[in-house]
Amino acid sequence: MKKRSILFCINYMHTGGVEKSLLALLRALPRDRFEPHVALMQNKGELLPDIPSDVPVHILRSIEREKPRLGFPLRHATDIAGPLSYLAAKVRGTLIPYYRHILGDRRDISRHFDIAVSYQGPSQLLDWYVPTHIDADVYVSWVHFDLARSFVNPRTQRAVYPLYKRIFIVSESARDSFCRIFPDFTDHTDVFHNLVDATHVRTMSQAYEVERPEGAAIICTVGRMTTQKAPDIAIRVAAELKLRGMKFRWYWVGADEMLEPCRREAEKTGVADSLHFVGLKSNPYPYMAAADVYVQPSRWEGYCITLAEARAFGLPTVCTDFAGAEQTAGLPNAQIVKSLNPAELAGAIVRGVAMPRLEVPDSVTVNDIQKLIDL
(Lines give C-alpha, C1' and ligand atoms only; values in the text may rest on other atoms or scores of the structure.)
Protein backbone atom coordinates (compact mmCIF):
# COMPACT_ATOMS: atom_id res chain seq x y z
CA MET A 1 0.00 0.00 0.00
CA LYS A 2 1.44 3.37 -1.05
CA LYS A 3 1.85 5.86 1.77
CA ARG A 4 0.19 9.23 1.24
CA SER A 5 2.15 12.37 1.98
CA ILE A 6 0.22 14.84 4.13
CA LEU A 7 1.32 18.38 5.02
CA PHE A 8 -0.12 20.19 8.06
CA CYS A 9 0.30 23.97 7.86
CA ILE A 10 0.20 25.93 11.12
CA ASN A 11 1.28 29.31 12.42
CA TYR A 12 3.85 28.26 15.03
CA MET A 13 4.30 25.73 17.84
CA HIS A 14 3.49 27.62 21.04
CA THR A 15 1.74 25.84 23.92
CA GLY A 16 -1.81 26.20 22.67
CA GLY A 17 -4.59 23.71 22.19
CA VAL A 18 -4.30 23.75 18.39
CA GLU A 19 -0.59 22.96 18.56
CA LYS A 20 -1.07 20.20 21.14
CA SER A 21 -3.85 18.63 19.11
CA LEU A 22 -1.57 18.57 16.07
CA LEU A 23 1.17 16.83 18.05
CA ALA A 24 -1.28 14.16 19.21
CA LEU A 25 -2.49 13.68 15.63
CA LEU A 26 1.08 13.40 14.31
CA ARG A 27 1.86 10.73 16.90
CA ALA A 28 -1.33 8.82 16.09
CA LEU A 29 -1.10 8.81 12.28
CA PRO A 30 -0.35 5.27 11.07
CA ARG A 31 3.04 5.42 9.36
CA ASP A 32 2.13 2.56 7.04
CA ARG A 33 -0.51 4.83 5.51
CA PHE A 34 0.85 8.37 5.90
CA GLU A 35 4.08 10.28 5.49
CA PRO A 36 3.37 13.37 7.66
CA HIS A 37 5.03 16.77 7.21
CA VAL A 38 4.60 20.08 9.08
CA ALA A 39 4.88 23.59 7.62
CA LEU A 40 5.30 26.60 9.94
CA MET A 41 4.48 30.20 9.12
CA GLN A 42 6.91 31.18 11.90
CA ASN A 43 9.78 28.99 13.05
CA LYS A 44 9.19 29.35 16.78
CA GLY A 45 7.36 27.90 19.75
CA GLU A 46 8.01 25.97 22.94
CA LEU A 47 6.58 22.78 21.41
CA LEU A 48 8.94 22.64 18.42
CA PRO A 49 11.07 19.92 20.06
CA ASP A 50 7.94 17.79 20.54
CA ILE A 51 7.33 17.34 16.81
CA PRO A 52 8.09 13.64 16.18
CA SER A 53 11.61 13.13 14.88
CA ASP A 54 10.41 11.37 11.72
CA VAL A 55 8.26 14.36 10.66
CA PRO A 56 10.03 16.82 8.31
CA VAL A 57 9.46 20.48 9.20
CA HIS A 58 9.21 23.09 6.44
CA ILE A 59 9.31 26.84 7.01
CA LEU A 60 7.10 29.12 4.93
CA ARG A 61 9.91 31.62 4.50
CA SER A 62 8.00 34.15 2.42
CA ILE A 63 5.33 34.49 5.12
CA GLU A 64 7.89 34.53 7.92
CA ARG A 65 9.88 37.23 6.13
CA GLU A 66 6.83 39.35 5.34
CA LYS A 67 5.02 38.77 8.64
CA PRO A 68 5.34 42.41 9.82
CA ARG A 69 3.81 43.74 6.60
CA LEU A 70 1.15 41.04 6.55
CA GLY A 71 0.13 41.67 10.15
CA PHE A 72 0.68 45.44 10.42
CA PRO A 73 0.72 46.72 6.83
CA LEU A 74 0.54 50.44 7.57
CA ARG A 75 3.14 50.38 10.32
CA HIS A 76 5.69 48.32 8.39
CA ALA A 77 5.21 49.67 4.87
CA THR A 78 8.33 49.75 2.69
CA ASP A 79 6.73 51.69 -0.17
CA ILE A 80 3.48 53.45 -0.98
CA ALA A 81 2.19 50.54 -3.07
CA GLY A 82 1.75 48.27 -0.04
CA PRO A 83 -0.52 50.58 1.99
CA LEU A 84 -2.52 51.46 -1.12
CA SER A 85 -3.02 47.77 -1.91
CA TYR A 86 -4.03 47.10 1.69
CA LEU A 87 -6.56 49.95 1.78
CA ALA A 88 -8.02 48.87 -1.56
CA ALA A 89 -8.38 45.31 -0.24
CA LYS A 90 -10.13 46.56 2.90
CA VAL A 91 -12.61 48.48 0.76
CA ARG A 92 -13.32 45.29 -1.20
CA GLY A 93 -13.95 43.41 2.07
CA THR A 94 -11.19 40.80 1.76
CA LEU A 95 -7.41 40.90 2.20
CA ILE A 96 -6.75 38.35 -0.55
CA PRO A 97 -5.65 41.02 -3.09
CA TYR A 98 -3.23 42.39 -0.51
CA TYR A 99 -1.82 38.93 0.21
CA ARG A 100 -1.29 38.49 -3.55
CA HIS A 101 0.48 41.85 -3.68
CA ILE A 102 2.89 40.94 -0.85
CA LEU A 103 3.49 37.23 -1.52
CA GLY A 104 2.89 36.96 -5.25
CA ASP A 105 3.19 33.43 -6.62
CA ARG A 106 6.31 32.47 -4.67
CA ARG A 107 6.34 28.82 -3.56
CA ASP A 108 8.13 28.08 -0.29
CA ILE A 109 7.86 24.30 -0.73
CA SER A 110 8.72 22.86 -4.14
CA ARG A 111 7.52 19.28 -3.65
CA HIS A 112 4.08 17.81 -4.26
CA PHE A 113 1.84 16.36 -1.51
CA ASP A 114 -1.11 14.03 -1.67
CA ILE A 115 -2.95 16.07 1.01
CA ALA A 116 -2.33 19.63 2.23
CA VAL A 117 -4.06 20.85 5.39
CA SER A 118 -4.68 24.39 6.59
CA TYR A 119 -4.68 23.26 10.20
CA GLN A 120 -5.16 26.50 12.15
CA GLY A 121 -8.45 27.66 10.71
CA PRO A 122 -10.27 29.77 10.26
CA SER A 123 -7.32 31.92 9.16
CA GLN A 124 -7.65 34.39 6.30
CA LEU A 125 -3.97 34.12 5.39
CA LEU A 126 -3.40 30.40 5.88
CA ASP A 127 -6.72 29.30 4.36
CA TRP A 128 -5.88 31.32 1.24
CA TYR A 129 -2.20 30.37 1.09
CA VAL A 130 -2.48 26.58 1.33
CA PRO A 131 -4.59 25.86 -1.79
CA THR A 132 -2.92 28.62 -3.85
CA HIS A 133 0.75 28.10 -2.90
CA ILE A 134 1.04 24.42 -1.90
CA ASP A 135 1.01 21.77 -4.64
CA ALA A 136 -1.34 18.96 -3.57
CA ASP A 137 -4.05 16.66 -4.88
CA VAL A 138 -6.47 17.27 -1.99
CA TYR A 139 -6.90 20.29 0.29
CA VAL A 140 -8.41 20.17 3.78
CA SER A 141 -9.34 23.06 6.07
CA TRP A 142 -9.45 22.49 9.84
CA VAL A 143 -11.69 24.69 12.00
CA HIS A 144 -10.77 24.81 15.70
CA PHE A 145 -13.06 27.59 16.89
CA ASP A 146 -16.71 28.40 17.45
CA LEU A 147 -17.36 30.88 14.63
CA ALA A 148 -20.28 32.36 16.55
CA ARG A 149 -17.73 33.71 19.05
CA SER A 150 -14.64 34.20 16.86
CA PHE A 151 -13.79 36.77 14.21
CA VAL A 152 -14.04 35.46 10.68
CA ASN A 153 -14.16 37.33 7.38
CA PRO A 154 -17.10 35.77 5.51
CA ARG A 155 -16.06 37.18 2.14
CA THR A 156 -12.55 35.74 2.37
CA GLN A 157 -13.73 32.35 3.60
CA ARG A 158 -16.43 32.09 0.93
CA ALA A 159 -13.72 32.71 -1.67
CA VAL A 160 -11.37 30.01 -0.38
CA TYR A 161 -13.62 27.23 0.96
CA PRO A 162 -14.61 26.01 -2.56
CA LEU A 163 -10.91 25.09 -3.00
CA TYR A 164 -11.12 22.54 -0.16
CA LYS A 165 -12.44 19.00 -0.50
CA ARG A 166 -13.24 18.71 3.23
CA ILE A 167 -13.64 21.09 6.15
CA PHE A 168 -13.00 19.31 9.43
CA ILE A 169 -14.46 20.92 12.56
CA VAL A 170 -13.41 19.85 16.04
CA SER A 171 -16.79 19.46 17.77
CA GLU A 172 -20.46 18.99 16.96
CA SER A 173 -21.49 22.34 18.41
CA ALA A 174 -18.68 24.18 16.57
CA ARG A 175 -19.87 22.51 13.35
CA ASP A 176 -23.42 23.74 14.05
CA SER A 177 -22.11 27.30 14.34
CA PHE A 178 -20.10 26.95 11.14
CA CYS A 179 -23.09 25.68 9.18
CA ARG A 180 -25.29 28.52 10.38
CA ILE A 181 -22.74 31.05 9.07
CA PHE A 182 -21.73 29.14 5.91
CA PRO A 183 -24.75 26.98 5.00
CA ASP A 184 -23.53 26.58 1.41
CA PHE A 185 -20.58 24.50 2.64
CA THR A 186 -22.48 22.21 5.00
CA ASP A 187 -22.00 19.18 2.74
CA HIS A 188 -18.22 19.74 2.79
CA THR A 189 -17.98 19.58 6.60
CA ASP A 190 -17.35 16.78 9.02
CA VAL A 191 -16.56 16.58 12.73
CA PHE A 192 -13.00 15.47 13.51
CA HIS A 193 -12.49 15.39 17.27
CA ASN A 194 -9.16 16.51 18.66
CA LEU A 195 -7.03 13.57 19.69
CA VAL A 196 -5.63 13.02 23.18
CA ASP A 197 -2.73 10.66 23.77
CA ALA A 198 -3.54 9.60 27.33
CA THR A 199 -0.37 7.55 27.74
CA HIS A 200 1.76 10.51 26.67
CA VAL A 201 0.17 13.06 29.03
CA ARG A 202 0.32 10.65 31.96
CA THR A 203 4.01 10.01 31.33
CA MET A 204 4.65 13.76 31.12
CA SER A 205 2.80 14.27 34.42
CA GLN A 206 5.63 12.55 36.28
CA ALA A 207 8.22 15.17 35.30
CA TYR A 208 8.05 17.21 38.54
CA GLU A 209 6.18 17.57 41.82
CA VAL A 210 3.49 20.16 42.50
CA GLU A 211 3.20 21.75 45.94
CA ARG A 212 0.11 20.61 47.83
CA PRO A 213 -0.62 22.53 51.06
CA GLU A 214 -1.85 20.24 53.80
CA GLY A 215 -5.63 20.01 53.92
CA ALA A 216 -6.13 22.08 50.76
CA ALA A 217 -8.09 20.97 47.73
CA ILE A 218 -6.15 21.35 44.48
CA ILE A 219 -7.91 23.05 41.58
CA CYS A 220 -6.29 23.19 38.16
CA THR A 221 -6.90 25.26 35.03
CA VAL A 222 -4.67 25.25 31.95
CA GLY A 223 -5.19 28.00 29.39
CA ARG A 224 -3.90 31.20 27.90
CA MET A 225 -4.39 34.31 30.00
CA THR A 226 -6.86 35.93 27.62
CA THR A 227 -10.43 37.19 27.76
CA GLN A 228 -11.58 33.99 26.02
CA LYS A 229 -10.36 31.79 28.89
CA ALA A 230 -11.83 34.11 31.59
CA PRO A 231 -9.08 34.30 34.24
CA ASP A 232 -10.84 37.44 35.51
CA ILE A 233 -13.84 35.26 36.38
CA ALA A 234 -11.54 32.84 38.20
CA ILE A 235 -10.53 35.63 40.58
CA ARG A 236 -14.17 36.25 41.48
CA VAL A 237 -14.80 32.52 41.87
CA ALA A 238 -11.77 32.20 44.17
CA ALA A 239 -13.13 35.04 46.31
CA GLU A 240 -16.48 33.22 46.54
CA LEU A 241 -14.76 29.98 47.58
CA LYS A 242 -12.89 31.81 50.34
CA LEU A 243 -16.16 33.31 51.56
CA ARG A 244 -17.49 29.76 51.85
CA GLY A 245 -14.52 28.81 54.02
CA MET A 246 -12.98 26.42 51.55
CA LYS A 247 -9.25 25.75 51.85
CA PHE A 248 -7.81 25.38 48.37
CA ARG A 249 -4.87 26.01 46.07
CA TRP A 250 -5.94 26.90 42.53
CA TYR A 251 -3.17 26.63 39.94
CA TRP A 252 -3.80 28.46 36.68
CA VAL A 253 -1.12 27.39 34.17
CA GLY A 254 -0.69 29.70 31.19
CA ALA A 255 0.46 33.12 30.09
CA ASP A 256 -0.57 35.97 27.81
CA GLU A 257 -1.51 39.63 28.05
CA MET A 258 -3.71 39.20 31.16
CA LEU A 259 -1.10 37.42 33.30
CA GLU A 260 0.32 40.39 35.19
CA PRO A 261 -3.02 42.31 35.44
CA CYS A 262 -4.63 39.19 36.92
CA ARG A 263 -1.80 38.70 39.39
CA ARG A 264 -2.28 42.28 40.56
CA GLU A 265 -6.05 41.87 40.76
CA ALA A 266 -5.65 38.64 42.77
CA GLU A 267 -3.49 40.53 45.26
CA LYS A 268 -5.98 43.38 45.43
CA THR A 269 -8.91 40.97 45.91
CA GLY A 270 -7.10 39.03 48.63
CA VAL A 271 -7.02 35.66 46.86
CA ALA A 272 -3.36 35.54 45.75
CA ASP A 273 -2.53 33.11 48.56
CA SER A 274 -5.01 30.61 47.11
CA LEU A 275 -5.16 31.40 43.38
CA HIS A 276 -1.72 31.08 41.80
CA PHE A 277 -1.20 32.27 38.23
CA VAL A 278 1.94 30.23 37.67
CA GLY A 279 2.69 31.37 34.11
CA LEU A 280 3.67 29.38 31.07
CA LYS A 281 4.64 25.72 31.40
CA SER A 282 5.40 23.67 28.31
CA ASN A 283 4.45 20.63 30.42
CA PRO A 284 1.37 21.44 32.56
CA TYR A 285 0.43 17.82 33.21
CA PRO A 286 1.89 17.46 36.73
CA TYR A 287 -0.66 20.09 37.80
CA MET A 288 -3.48 18.03 36.28
CA ALA A 289 -2.21 14.86 37.94
CA ALA A 290 -2.11 16.60 41.33
CA ALA A 291 -5.58 18.16 41.03
CA ASP A 292 -8.79 17.20 42.79
CA VAL A 293 -10.90 19.01 40.20
CA TYR A 294 -10.22 20.56 36.79
CA VAL A 295 -11.98 23.86 35.99
CA GLN A 296 -12.39 25.54 32.58
CA PRO A 297 -14.39 28.78 32.91
CA SER A 298 -13.98 29.85 29.25
CA ARG A 299 -16.25 32.35 27.57
CA TRP A 300 -15.95 30.35 24.34
CA GLU A 301 -14.05 27.44 22.83
CA GLY A 302 -14.15 25.20 19.79
CA TYR A 303 -13.32 21.94 21.53
CA CYS A 304 -10.95 22.68 24.47
CA ILE A 305 -8.11 20.21 24.32
CA THR A 306 -7.14 20.77 27.97
CA LEU A 307 -10.57 19.63 29.13
CA ALA A 308 -10.07 16.45 27.11
CA GLU A 309 -6.60 16.03 28.64
CA ALA A 310 -8.05 16.36 32.13
CA ARG A 311 -10.35 13.46 31.28
CA ALA A 312 -7.24 11.35 30.62
CA PHE A 313 -6.59 11.62 34.38
CA GLY A 314 -10.20 10.77 35.27
CA LEU A 315 -10.53 14.17 36.97
CA PRO A 316 -13.84 15.65 38.09
CA THR A 317 -14.40 18.60 35.75
CA VAL A 318 -16.27 21.89 35.89
CA CYS A 319 -16.67 23.93 32.73
CA THR A 320 -18.90 26.59 31.27
CA ASP A 321 -21.30 25.88 28.42
CA PHE A 322 -18.95 26.52 25.48
CA ALA A 323 -18.77 24.74 22.12
CA GLY A 324 -17.15 21.38 22.75
CA ALA A 325 -18.31 21.11 26.37
CA GLU A 326 -20.54 18.27 25.21
CA GLN A 327 -17.44 16.04 25.30
CA THR A 328 -18.09 15.67 29.05
CA ALA A 329 -21.85 15.09 28.79
CA GLY A 330 -22.95 11.99 30.65
CA LEU A 331 -19.79 11.60 32.71
CA PRO A 332 -20.74 11.12 36.38
CA ASN A 333 -18.04 13.50 37.66
CA ALA A 334 -18.49 16.28 35.08
CA GLN A 335 -20.51 19.48 35.51
CA ILE A 336 -21.38 22.04 32.83
CA VAL A 337 -22.33 25.42 34.31
CA LYS A 338 -24.62 27.44 32.06
CA SER A 339 -23.27 30.87 33.00
CA LEU A 340 -20.16 32.68 34.22
CA ASN A 341 -21.83 33.41 37.54
CA PRO A 342 -19.08 33.12 40.22
CA ALA A 343 -21.45 31.70 42.83
CA GLU A 344 -22.65 28.95 40.47
CA LEU A 345 -19.10 28.08 39.45
CA ALA A 346 -17.96 28.04 43.08
CA GLY A 347 -20.81 25.71 44.02
CA ALA A 348 -19.89 23.36 41.17
CA ILE A 349 -16.24 23.35 42.29
CA VAL A 350 -17.22 22.47 45.87
CA ARG A 351 -19.29 19.58 44.55
CA GLY A 352 -16.52 18.56 42.14
CA VAL A 353 -13.90 18.31 44.88
CA ALA A 354 -16.08 15.73 46.62
CA MET A 355 -16.44 13.61 43.46
CA PRO A 356 -14.15 10.64 42.80
CA ARG A 357 -11.78 10.25 39.88
CA LEU A 358 -12.92 7.87 37.20
CA GLU A 359 -11.02 4.79 36.12
CA VAL A 360 -9.79 5.65 32.64
CA PRO A 361 -8.39 3.17 30.09
CA ASP A 362 -4.86 3.58 28.81
CA SER A 363 -6.15 5.53 25.82
CA VAL A 364 -9.12 7.88 25.67
CA THR A 365 -8.22 8.98 22.16
CA VAL A 366 -11.23 9.76 20.01
CA ASN A 367 -9.99 8.29 16.75
CA ASP A 368 -11.37 9.88 13.59
CA ILE A 369 -8.24 9.11 11.54
CA GLN A 370 -10.31 6.95 9.19
CA LYS A 371 -11.75 10.21 7.84
CA LEU A 372 -8.25 11.19 6.68
CA ILE A 373 -7.69 7.74 5.21
CA ASP A 374 -10.94 8.05 3.24
CA LEU A 375 -10.03 11.38 1.60
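A residue counts as buried when its relative accessible area is under 20%. Keep that cut-off in mind while looking at this predicted model.

Start with helix H5. Nine of its ten residues are buried, so the helix is mostly covered. The buried ones are Gln124, Leu125, Leu126, Asp127, Trp128, Tyr129, Val130, Pro131 and His133. What lies over them? The cover includes strands S1 (4-10), S4 (113-121) and S5 (136-143). It also includes helices H2 (61-71), H4 (96-103) and H6 (154-160).

His133 sits in H5, which spans residues 124-133. Its relative accessibility is 2%, so His133 counts as buried. Which residues does His133 touch, leaving aside those up to four places away in sequence? They are Gly104, Asp105, Arg106, Arg107 and Trp128. The side chain of His133 also has polar partners. One of its polar atoms lies 2.7 Å from the backbone oxygen of Gly104. A polar contact of 2.8 Å joins the side chains of His133 and Thr132.

Next, turn to the charged pairs. Side chains of opposite charge can pair when their charged atoms come close. The structure holds 18 salt bridges. One of them joins the side chains of Asp197 and Arg27, at 3.5 Å from N to O. Asp197 lies in the loop between strand S7 (189-191) and helix H8 (198-204), and Arg27 lies in helix H1 (residues 17-28), so the pair ties together parts that are 170 residues apart in sequence. Asp197 is partly exposed, at 25%. Arg27 is partly exposed too, at 31%.

Another salt bridge links Lys371 and Asp190, with their closest N and O atoms 3.5 Å apart.

Arg299 is in the loop between strand S11 (293-296) and helix H12 (305-312), while Asp232 is in helix H9 (residues 231-243), so parts 67 residues apart in sequence are tied together.

Finish at Asn341. This residue is in the loop between strand S13 (334-337) and helix H13 (342-353). Is Asn341 buried or partly exposed? Its relative accessible area is 33%, so Asn341 is partly exposed. Its side chain reaches the backbone nitrogen of Ala343 at 2.9 Å. Arg236 is 105 residues from Asn341 in sequence, yet their C-alpha atoms are 9.1 Å apart.

Definitions and conventions:
Residues are numbered from 1 along each chain as its sequence is written. This is a predicted model: local features need pLDDT of at least 70, side-chain atom pairs count only at pLDDT 80 or more; totals for chains, interfaces and linings use all residues. Side-chain values use heavy atoms; hydrogens and water are left out. Helices (H or I, at least four residues) and strands (E, at least two) are DSSP runs, numbered from the N terminus. Buried means under 20% relative accessible area, exposed over 50%, partly exposed in between (1.4 Å probe, protein chains only). A polar contact is a pair of N or O atoms within 3.5 Å; within protein, one must be able to donate a hydrogen and the other to accept it, and residues adjacent in sequence count only if both atoms are side-chain atoms. Contact means heavy atoms within 4.5 Å. A salt bridge is a side-chain nitrogen of Lys or Arg within 4 Å of a carboxyl oxygen of Asp or Glu.
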